[in-house]
Amino acid sequence: MPPRSTPVNLQEIADASGYGRSTVSLALRNHPSLRQSTGDEIRRVAQELGYVPNPLVAALMSQVRDKRRKRQERIALISRFNQAMNRRSFRDTFYPLLYRSVVEHAGTKGYGIDEFYLGRDPVSDRRMSDILTARGIHGVLLFPGHDTVELEYPTLDWSGFATVLIGFNTAREGLHQVVTDYSFDIDCALRHISKAGLRRVGFAIPHHVERATNNNWASRFLYYQHGLRPRDRVPLLLSANDAEHRTNVLPWFSKHRPEVILIAGEGVRNNLKEGGVRIPEDVRLINLVQRGEPGLAGIDPHTGELGHASIDLLVSLLQTNQRGLPDFPRGIAIKGHWTPGASFPE
């Protein structure tokens, strides 16, 4: 159909479809109270007439609905920890920061958070779906991390829920996902190293931390090393756990003498200082997850924005009634930025 010079109105769609204006309005907003077949038929007629929604009006109505909601709607946050997030402590700042950003940003959108943790006496997948349905919850956020035994997220009755997964390392496929852009972040660090004219670059990160990046750090670093002279390539230090890492750091440094080391957190700096290594005089350090650690240069991954983007995506799915496994899952990656610090003078 050729484009019209004037927009299609509700009455025209109502006349052509045989439904009332209120029903047409519900269909064009993908309202869950309307039968799916009815909504599909009305939207088909609207499309044939050349109807195009006004994005400004849609945004305004979304804000109106948020105000009317009065914080009554809930989002399920499902984690694989043994306790609720607000009852336990973490050595890493990542999880508390991400959790707070999720809860606070959900509140600004008019949603509350109901937390479910699976690490202690987990319920069956069917039971979890039934609980969420009984509570009238249609939005699900799968939170990263786990305690002790690595559990998998439940297999819900996906057709009843809009679902967003945060992070990597799960067998769950086919879901919308929000992640940190670890490849971009380490490339940013390597650019600063190249600009400084340094050649011998070390990589000292425990295996479990590297695995949480979906091996993006190590793979990008190995690709970077491929372009170096063989004598400038420093072997990666990927210890099995934190305790082994503490033991391995000083001997590894003494043997290979890197000019700069890529690290994650404060552990390596503390281990080197205990061994009498001066920073940055003897070696420079770049923290790939710089979240306020004093004195360390590195990459701020904007963990709070990870939580914000997860809520924004989930709320947009809820407001457009997009439930079930998507045909084309979306992936949103949050890029970090360089943060200067004393450990890497420029």
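**Notebook: one predicted chain**

Entry 1, the whole chain. I began with contacts (heavy atoms within 4.5 Å): of those with a separation of 6 or more in the protein chain, 70% are between residues 24 or more positions apart. The model is predicted, so local features need pLDDT of at least 70 and side-chain atom pairs count only at pLDDT 80 or more, while totals for chains, interfaces and linings use all residues. Residues are numbered from 1 along each chain as its sequence is written, and side-chain values use heavy atoms, with hydrogens and water left out.

I looked up the secondary structure next and found twelve helices and eleven strands in the protein chain. These are DSSP runs numbered from the N terminus, helices being H or I of at least four residues and strands E of at least two. Along the principal axes, the C-alpha atoms fill a box of roughly 80 × 55 × 30 Å.

The accessible surface of the protein chain is about 18000 Å², and carbon and sulfur atoms hold 50% of that. Areas come from the Shrake-Rupley method with a 1.4 Å probe; for residues, only the protein chains shown count as cover. Of the 346 residues in the chain, 44% are buried. Buried means under 20% relative accessible area, exposed over 50%, and partly exposed in between (1.4 Å probe, protein chains only).

How many salt bridges does the structure hold? I noted twelve, each a side-chain nitrogen of Lys or Arg within 4 Å of a carboxyl oxygen of Asp or Glu.

I looked up Arg135 and found a salt bridge with Asp114, the closest N and O atoms being 3.4 Å apart. Arg135 lies in the loop between α6 (125-134) and β3 (139-146) and Asp114 in strand β2 (residues 111-117), so this pair ties together parts 21 residues apart in sequence. Asp114 is buried, at 14% relative accessible area.

Arg220 bridges to Asp187, with 2.6 Å between the closest N and O atoms. This pair links distant parts of the chain, 33 residues apart: Arg220 is in helix α9 (residues 216-226) and Asp187 in helix α7 (residues 182-195). Arg220 is partly exposed at 31% relative accessibility.

The salt bridge of Glu266 with Arg269 has its closest N and O atoms 2.7 Å apart. Is Arg269 buried or exposed? I found Arg269 buried at 8%, whereas Glu266 is partly exposed at 32%. I also noted one network, in which salt bridges with shared partners join Glu41, Arg44 and Glu48.

Helix α2 (residues 21-28) packs against helix α3 (residues 36-49) at an angle of about 90°, the axes being 9 Å apart. I therefore put α2 down as roughly perpendicular to α3. Axes are lines fitted to C-alpha atoms, for helices over the stretch in contact, and angles run from 0 to 180 degrees between N-to-C directions. Under 35 degrees counts as roughly parallel, over 145 as roughly antiparallel, 65 to 115 as roughly perpendicular and the rest as oblique.

From α2, Thr23, Val24, Ala27 and Leu28 meet Thr38, Gly39, Ile42, Arg43 and Ala46 of α3.

Asn271 lies in helix α11 (residues 267-274) and is buried at 12% relative accessibility. Leaving aside neighbours within four places in sequence, Asn271 is in contact with Arg246 and Val249. His256 is in helix α10 (residues 242-256) and is buried at 18%. With neighbours within four places left aside again, His256 is in contact with Arg200, Val234 and Pro235.
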